[in-house]
Every structure is written in C-alpha cells, then in structure tokens.
Amino acid sequence: MYYYRYDNPEVSCCYKYLMFSYNIIFWLAGVAFIAAGFWAWSEKGILLDLTQVTRLRGFDPVWLVLLVGGVTFILGFAGCVGALRENICLLKFFSGIIGFIFFLELTAAVLAVVFQSQVRAWINEFFVTNIKAYRDDIDLQNLIDSLQRMNHCCGAQNPADWDKNVYFNCNETNRSREKCGVPFSCCVTDPADLVVNTQCGYDVRNKEEREQSNHIYNKGCIAALEDWLPGNLNTVAIVFVVISLLQMVGIYLARTLISDIEKLIFYFMLLLFDD
C-alpha cells in the first residue's frame, strides 16, 4: 500500500506564536471588561444585593460590558491555550465561534437593511422603554445623557417622549420638581459655559414649542441617528471591514495551526503503522 509522506512535518512556530500573541491581547481585554463590569456593579451596590438586577426596568449597560468581556475572555483563553498546547479541539472551538460571530454580524447588517422600518420601530420602542427607566440606573442615565448631548437630540421622536417618565411627566399628581421638564442633556448649551446647568430643562415643556427650541433640542434621537448615518457611512464601513479582517486573521491562523497539527498526527500514525 502506498502512503503519502509529508517532508519533515512540523507545527509552524511563526503561526503558533502569532496566534498566541493575537489572543493574549483579546484575553487581557476580556479581563479588563469583566473587571470594569463588576466594578460598576459594586459602585451601584448590586454585588451586595444581586436581586437588584431583576428589578431594573431598563437596559443596564453593564450587562453589555460583561457579555463582551466574557466572550472575549473565553475566546482569548481558548486561542492562547490551543496555540501553546497545540490542542485541535480548542482551536476548532475558537475558529468556529469567531466564524459564527462573523455570520451573526453579517446577518444583522443584511436584516437591518432589508427590514429598515421594523428596525426603526424596535429602536424607538427600546429608547422609550429606557426613557421610562432613566432614573432607575445611573449607568443608563449617563448613556442616555451622552447620546442626547453628542447628537443634539431629545427623546426618541421628540421631547414629548419624556412625558412617559414618572419624574418628567406633566400629570397633576406629579410632585417632582422635574415635572414637565427634560434632562439637562436636552438643553442647547453655550460653549462659553464652564459649568453645566443641570436644572436648565426644568418646566421647559410648559412653554410654547417655538420658545422651547431656544432652550432645548426639538429633534428626536432616532431622526438624529438617521441624519448621522448617511454622512458617516465610510466610517461605519471602515469599522466593519477592520473588525471583519481581525476575525478572518484569527480564523486563518487557527485553521493553519489545525492543518499543521493534523499533518503531524498523520505523519506519526504512518510511522507507527510502518513499525
């Protein structure tokens, strides 16, 4: 029987340590994300009372940080150990998960283009839900404030969306000082102001709409996002391409190592049978 022999089969040290270096960065990033997530929870007292997690009505950004950190940590660990120990199972796990994540990203991008109206409605509903929970979580509050400040917008569709928040609504039963107001992040700011006026949005929705525009942004954040996207398509495309290339490099390194290891195993099996 004729057997094909590989000439001096060996696992490429170059690919092996490139794979290790590539993944050690992701592993350390995962550790940093997880540490930041638990630090944020400790600052909010959630680690002392984990039942608070179930009582949050809105989106807690810490969940996203922990999810990204956990996935990055696991993939980085699998890639590092798989490369150093030349473990085919870990390398296949790494390349398979990276490939699956890439497929999800591609699917999400296609669905967002095909079902634009549904995506817009979902984003609007998500934003309104988190407006209702604005005062429930400090991280969510900071996230919404940053979004409104950076995009010069207020609410999902318009400032009236803040009427859905129990602290800002205009109901007669509302005794909050923020009644009929909006968060300070909705306010039109003066670049000369050195101190942020956190009370600039008080009672502003009691004014006429024309007068409101002198004090707060009337454009909703959904419309602001739609205006921002066309002018920044190149930036979005570059980010997507860079992320995709990093994922493809990881898959290529893992598959190359798997191929080298399988060749080495096959070579030793032939030697064993020849003996």
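User: Is Trp 162 buried or exposed?

Analyst: Buried means under 20% relative accessible area, exposed over 50%, and partly exposed in between (1.4 Å probe, protein chains only). Trp 162 comes out at 0%, so it's buried. Phe 168 is buried too, at 1%. Keep in mind that this is a predicted model: local features need pLDDT of at least 70, side-chain atom pairs count only at pLDDT 80 or more, and totals for chains, interfaces and linings use all residues. Residues are numbered from 1 along each chain as its sequence is written, and side-chain values use heavy atoms, with hydrogens and water left out.

User: How many aromatic pairs does a search of the whole structure find?

Analyst: Rings of Phe, Tyr and Trp (its six-membered ring) pair if their centres lie within 6.5 Å; planes under 30 degrees apart are stacked, over 60 edge-to-face, the rest tilted. The search turns up eight. One of them joins Tyr 22 and Phe 94, edge-to-face, with 6.5 Å between centres and 90 degrees between planes.

User: Which helices hold Tyr 22 and Phe 94?

Analyst: Helices are DSSP runs (H or I, at least four residues), numbered from the N terminus. Tyr 22 sits in helix α1 (residues 13–43) and Phe 94 in helix α4, so the pair ties together parts 72 residues apart in sequence. Tyr 22 is buried at 14%, and Phe 94 is buried at 1%. Ring pairs also link Tyr 22, Phe 26 and Phe 94 into a cluster.

How values were computed. Helix = DSSP H or I, 4+ residues; strand = E, 2+ residues; numbered from the N terminus.
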